Amino acid sequence: MDALKIKGDVKLNGTVKVSGSKNACLPIFVSALLTDEVCVFRNVPDLSDLRYMAEIIEALGASVCNEGNGTWRIQAKEISTLAPYDLVRKMRASVCLLGPLVSRKRKARVSLPGGCVIGARPIDLHLKGLRALNCDVSIEGGYVNIDASRLKGANIFLGGRHGSTVTGTANIIMASLCAEGETIIENAACEPEIADLCLCLQKMGADIEGISSPTIKIRGVKKLRGVDHTVIPDRIEAGTWIIATIATKGKVLIKSIDKSHLSSLFDVLKNTNCKFDFRAEDLYIDASEAKILPVDVVTMPYPNFPTDLQAQLCTLSCLAGGISIITERVYPERFMHIAELLRMGADISREGSSAIIKGATPLSGAEVMASDLRASAALLIAALCARGESTIHRIYHLDRGYDSIDEKLKSLGVELKRVKI
Ligand code: EPU
């Protein structure tokens with residue numbers, strides 16, 4: 001298994017370009033199953049998660065071609081309605097297949113995704129939405145079976161204990177596109193990744209209103225067509241570079257960033273004495289005089305502070321002069337990074353779904369284990385700030401969400417080595 005050895009105590013310095021958004025691209029890839037025409041997607045990040053989703057789509061019968069330079073061409077002339085366990089188990093986002101299969105084939109048999117280290121991650125809201133659309137839904141032998149022969153538009157409140165659901169919203173939007181009549185989704189996820197999916201679907205001929213709002217209205221259409229769509233930049237990758245720059249007191253030009261997607265992060269960072277210079281789609285940060293302050297942050301669905309930056313903010317808070325409280329409302333158990341940060345000298349305790357972080361204890365390099373994608377990003381930032389060398393094991397987690405991470409870090413002056421252990 002690959003591990004990353006990183007020399008710490010470095011100030012990031014240079015230019016880095018943010019890749020396309022993983023979480024926008026995953027449902028956008030499956031949207032190609034909605035039509036028999038050619039779909040071209042651009043600015044697709046080079047990530048194991050996307051390559052895996054491409055394999056799943058191919059296994060369902062589509063022809064998939066990676067044309068290089070972030071451009072993928074997918075055509076699903078004929079597709080099967082069965083997504084077996086072997087395909088689905090490695091990729092939670094494959095639950096997004098339900099929407100397109102229901103819409104195009106009126107039938108789906110998709111293996112249920114298994115557990116996940118960041119929480120239980122049920123799909124009850126996806127199924128509630130599909131049932132509201134007049135689908136017969138049953139679970140048998142680990143599979144979700146859907147008979148959508150009587151698919152019909154409906155009013156759906158798509159919320160649960162933790163608020164809205166991102167992939168659930170993607171699924172119900174895609175399922176309802178060709179349903180008879182009108183569908184209104186209330187408490188729809190407002191994440192930019194859902195808005196980007198909707199823009200792509202509109203280009204395919206979908207009739208969608210209320211994009212980026214919690215109330216999305218869809219009028220069923222007869223057929224969808226092919227599309228040429230460029231995916232938005234990854235706001236979580238951008239946020240990770242911003243936090244890493246501040247944590248290392250660096251000077252970095254971050255290219256291809258949509259600052260409107262990161263308002264909650266900029267709000268948290270507003271008194272850090274960093275210079276943020278926005279230039280069209282780029283951001284120059286001078287954090288050489290950064291004063292890292294303690295925070296009191298709660299993660300919640302967009303536009304609030306994203307759970308996908310919680311772990312990285314935990315690391316930054318280890319460097320603050322004071323006590324921070326970071327509360328996780330989306331995935332209350334998503335704190336696997338804490339135990340590893342403790343091994344690097346951090347002082348963090350957990351009170352239920354909150355992390356209490358006593359800042360200003362110096363971090364020192366250590367061997368640590370990545371448990372999931374964002375936890376690995378938190379360990380990476382810690383390794384950059386720590387005295388001495390760190391080894392991050394199971395780095396494949398990081399590769400799931402950060403395109404060309406080794407090259408990007410090297411171009412910012414980081415000394416690192418990928419080793420097989
Ligand atoms: N939930 C339910 N029932 C459901 C669906 C969700 O109770 O049917 C709960 C979840 O357990 C969680 C909350 O609702 O507590 C939000 O879950 P959501 O469905 O929004 O998450 P998701 O769609 O499975 C996406 C991202 C995650 C990101 C979350 C939250 C993709 C492929 N994944 O997951 O990204 O953390 O939204 O923003 O879009 C990551 O990139 O590292 C990652 C985990």
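Which residue in S15 is the bridge partner of isoleucine 185? The partner is isoleucine 216.

## Basis of the model

The model is predicted; local features require pLDDT of at least 70 and side-chain atom pairs count only at pLDDT 80 or more, while totals for chains, interfaces and linings use all residues. Residues are numbered from 1 along each chain as its sequence is written, and side-chain values use heavy atoms, with hydrogens and water left out.

Strands are DSSP runs of E with at least two residues, helices are runs of H or I with at least four, and both are numbered from the N terminus.

S15 runs antiparallel to S13 (residues 182–186), joined by five bridges; pairing requires at least two DSSP bridges. S14 (residues 207–209) also pairs with S15 in the antiparallel sense, over three bridges, and aspartate 207 stands opposite arginine 219. Five residues lie between the strands of this hairpin, where glycine 210 takes a positive phi near 85°.

## Ligand surroundings

The ligand is surrounded by 23 residues, each with a heavy atom within 4 Å. Asp124, Thr165, Thr167, Asp308 and Val330 are the closest.

Polar contacts are pairs of N or O atoms within 3.5 Å. An oxygen atom of the ligand lies 2.4 Å from a polar backbone atom of valine 330, and a polar side-chain atom of arginine 334 is 3.3 Å from a ligand oxygen atom.

Conventions: Polar contact = N/O pair within 3.5 Å; in protein donor to acceptor, adjacent residues only side chain to side chain.
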